[in-house]
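Please open the structure in your viewer and keep the selection tool at hand. The tour below goes from one selection to the next and says what is there.

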Amino acid sequence: MTARRKPKSSPGHEKLLYFLMLRQIEAESDLVRAAYERLSDAASGAEGWDLRTVILDWLEAELRHLRTEASDTKAVAAELLRASVALANALKQ
């Protein structure tokens, strides 16, 4: 029986996960940190997908989720929107 190897991640996946880790460390809000964790999980399971689409789907889901929060989440939504643009731009480099 041969050992199965985990498929090697694409450079884009590794770059996205790296930037997400940095953003998570710098995040002041627990809501933002949790959102970045969900994007990290989504990106990890999206091998073969266009990562910009994964980011866009994540942003849509997060904004929908924020509408259900009782507190004022406009600042969090703005931060996630800026982050999605920055992460998508980082993937182009």
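Select Glu-60 to begin: this residue has a relative accessible area of 45% and is partly exposed, where buried means under 20%, exposed over 50% and partly exposed in between, with a 1.4 Å probe and protein chains only. This is a predicted model, in which local features need pLDDT of at least 70, side-chain atom pairs count only at pLDDT 80 or more, and totals for chains, interfaces and linings use all residues. Residues are numbered from 1 along each chain as its sequence is written, and side-chain values use heavy atoms, with hydrogens and water left out.

Arg-64 and Glu-60 are separated by about one helical turn, because they are 4 residues apart in helix H3; helices (H or I, at least four residues) are DSSP runs, numbered from the N terminus.

Next, select Arg-38 and Glu-62, which form a salt bridge at 2.7 Å, N to O. This pair links distant parts of the chain, with Arg-38 in helix H2 and Glu-62 in helix H3 (residues 51-67), 24 residues apart. Glu-62 is buried, at 5% relative accessibility, whereas Arg-38 is partly exposed, at 37%.

Finally, move to Arg-33 and Asp-30, whose side chains meet in a salt bridge of 2.5 Å, N to O. Both lie in helix H2 (residues 30-44), 3 residues apart, and Asp-30 is exposed at 59% relative accessibility.

Key: A salt bridge is a side-chain nitrogen of Lys or Arg within 4 Å of a carboxyl oxygen of Asp or Glu. Helices (H or I, at least four residues) and strands (E, at least two) are DSSP runs, numbered from the N terminus.
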